[in-house]
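Please keep the sequence and the structure in view while reading.

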Amino acid sequence: MQPGGPKLPPRQKRKPSKPEEHGQHVKPESGGTGATEVEASMRQMTAMVSSIVEQRPDLLERVGKQLNVPTEQLAAQLKAAEDGHIPVIPSDVMEKMQQSLGGANPMSLPIYEEYKDEASDLFEEEKSQDILTLYRGSFLAYTDLAFGPVFISMCALFFWLQLIPLGIAIWLLPVACIALGIVSHTLIAGLPYQLIPASRMAGSMVFSLEITALAVFTHTFLDRIDVDLWPWAIAMYALGLAAIGAHIATALSKPGYLPRGHPPPPIPLDQLLEIQKANPYNCVSCGIYKPIRSKHCAVCNRCVPEFDHHCPVVINCIGEGNRRIFSFYVFVLFAAEVLWLALSIKALGRLLAATELWPDAQVQPSFFQIIWHLFDIAKIQVSENVVEKSTAAGAGSIMMFLAIFPIITGTGFQALRQVFCIAAGLTPNELIVRNKYDYLKDKELLFYNPFDVGPIQNCLTYWSTSRPDWYSMYFERTDLNPEEALPYFAFSRILRAWDKSRVALEKVRIRKQKQREELLLRQFGGVTKTEQNA
């Protein structure tokens with residue numbers, strides 16, 4: 001019978017002519033009757049295990065332990081299956097398998113039952129990987145990054161076509177922003193819902209608003225401010241452009257990730273044990289001992305020294321390496337927003353004074369009067385000698401003016417917190433969860449920052465490129481009396497006083513609760529005061 005010819009029954013026994021057929025590999029029969037039930041079962045099980053072995057590296061080890069077979073031998077069999085061959089099961093392996101199964105079918109292995117559903121899911125997922133799915137995974141994963149400019153452009157188009165009245169836009173746009181953001185993140189990009197807080201959506205939206213604010217000011221407010229305010233306008237533009245540049249620089253900067261597998265600090269063993277007790281951070285994810293004042297970022301999945309926080313606005317972690325450029329960005333952005341708001345109020349006041357809504361053009365309207373007539377300013381017509389445009393200020397410009405208030409509130413809070421942390425020698429992470437860190441507590445478990453050496457020195461340390469030895473500073477100051485170790489004008493004294501007040505109030509609450517319990521016992525329990533004291 002020639003190779004490739006028809007299969008004529010009865011089939012004659014062929015003599016082995018190749019070494020591969022001596023206990024190694026045999027090409028599978030396509031529907032022939034020579035395949036035994038065990039070989040068919042093992043073909044199915046081998047294909048099943050091969051499909052998930054990359055996802056579960058421990059699979060071969062578990063099967064090998066159960067069958068008492070070396071992992072390398074199982075790996076060779078799986079490799080043969082991937083090459084299109086069916087491995088002939090050695091007699092010793094077959095014997096051990098039959099003994100472990102009690103003569104049952106190999107597909108009844110517990111390991112198969114455990115991973116049967118998982119393997120089926122992997123097969124279904126593999127079948128669904130068509131060209132559209134591949135393109136979706138390659139390009140639509142950037143939907144969260146493109147959401148900000150696309151949404152702002154759509155809003156500008158709707159305002160330009162006068163499709164959205166200002167009164168409706170104030171309530172509709174925030175809801176639409178949240179809803180469309182969730183839809184684009186989950187349905188279009190196909191990303192999990194739980195990853196929305198860690199997505200790049202907030203960063204793209206804030207960056208788009210920074211550019212939009214300068215564009216709106218140039219289009220609507222610039223030609224309506226007095227000449228003597230032009231220097232402030234130039235300063236606003238300079239700060240705004242600096243903030244945009246700092247935003248990009250912070251997003252591209254490196255926070256100073258700790259290298260994986262970093263050894264413990266070179267300090268004596270007793271001090272190392274004390275540090276581990278005060279800062280019990282052996283990072284399992286990075287495989288390192290985390291130095292003091294560092295933290296593992298769950299979003300970046302890396303340990304960051306002097307961890308500040310993971311900022312969704314700059315889509316980056318803030319730490320020792322980029323803390324200065326981030327603070328510069330926050331301060332410059334807040335100053336630009338303040339100037340933008342002040343100059344916009346001046347422009348809107350001049351615009352309102354030039355219309356029939358304002359009786360005396362020589363008197364500039366106040367801030368509250370401008371807010372009162374804000375909806376009218378978006379619709380009024382002005383005379384040709386005041387402005388060449390047919391409308392004074394469109395609904396889009398007024399919407400940007402209203403949006404600056406929550407934006408400047410958030411930026412101001414961030415800037416104020418940054419100033420306090422710099423002056424107090426703390427990171428925002430240490431400020432927020434200071435009760436979690438033992439190295440920020442004294443012997444009475446009250447807040448005590450051993451790294452606070454005064455506002456001026458703290459500021460110099462923060463803006464300096466060289467970093468102090470936090471371990472030496474900790475051991476030198478941790479055993480000192482906090483009231484004597486802290487400088488008189490130390491900002492940490494505010495947090496320490498807050499902690500003392502909290503502890504004192506807790507003691508008062510416990511004492512009053514005990515008094516109420518004693519009173520209830522005397523009134524309803526028949527227990528006298530003498531018996532209680534006894």
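Two strands pair if DSSP finds at least two bridges between them. The model discussed here is predicted. By that definition, strand 5 (residues 294-297) and strand 6 pair in the antiparallel sense, over four bridges.

**The hairpin of strands 5 and 6**
- Within this pairing, cysteine 297 stands opposite arginine 302 in strand 6.
- Four residues lie between strand 5 and strand 6, and the two strands form a hairpin.
- In a regular strand, side chains alternate between the two faces of the sheet.
- Strand 6 (residues 302-305) is covered on both faces: Arg302 and Val304 are buried on one side, and Cys303 and Pro305 are buried on the other.

**Two residues with positive phi**
- Most residues other than glycine have a negative phi.
- Asparagine 301, in the loop between strand 5 and strand 6, has a positive phi near 60 degrees.
- Asparagine 301 counts as partly exposed because its relative accessibility is 37%, and the partly exposed class lies between under 20% (buried) and over 50% (exposed).
- Isoleucine 315 has a positive phi near 55 degrees and is placed in the loop between strand 7 (309-311) and strand 8 (316-318).
- With 31% relative accessibility, isoleucine 315 also counts as partly exposed.

**A nonpolar surface patch**
- Val150, Met154, Leu157, Phe158, Trp160, Leu161 and Leu163 form a nonpolar patch on the surface, and together they have about 710 Å² of accessible area.
- One of these residues, valine 150, belongs to helix 7 (residues 143-160).
- Valine 150 has 45% relative accessibility and therefore counts as partly exposed.

Methods:
Residues numbered from 1 in each chain as written. Predicted model: local features only at pLDDT ≥ 70, side-chain atom pairs only at ≥ 80, totals over all residues. Heavy atoms only, no water. Patch = residues over 30% accessible without salt bridge, like charges linked within 9 Å, V, L, I, M, F, W, Y side chains within 5 Å. Areas by Shrake-Rupley, 256 points an atom, 1.4 Å probe, with all protein chains shown as cover. Salt bridge = Lys/Arg side-chain N within 4 Å of Asp/Glu carboxyl O. Buried < 20%, exposed > 50% of the residue type's maximum accessible area, 1.4 Å probe, protein only.
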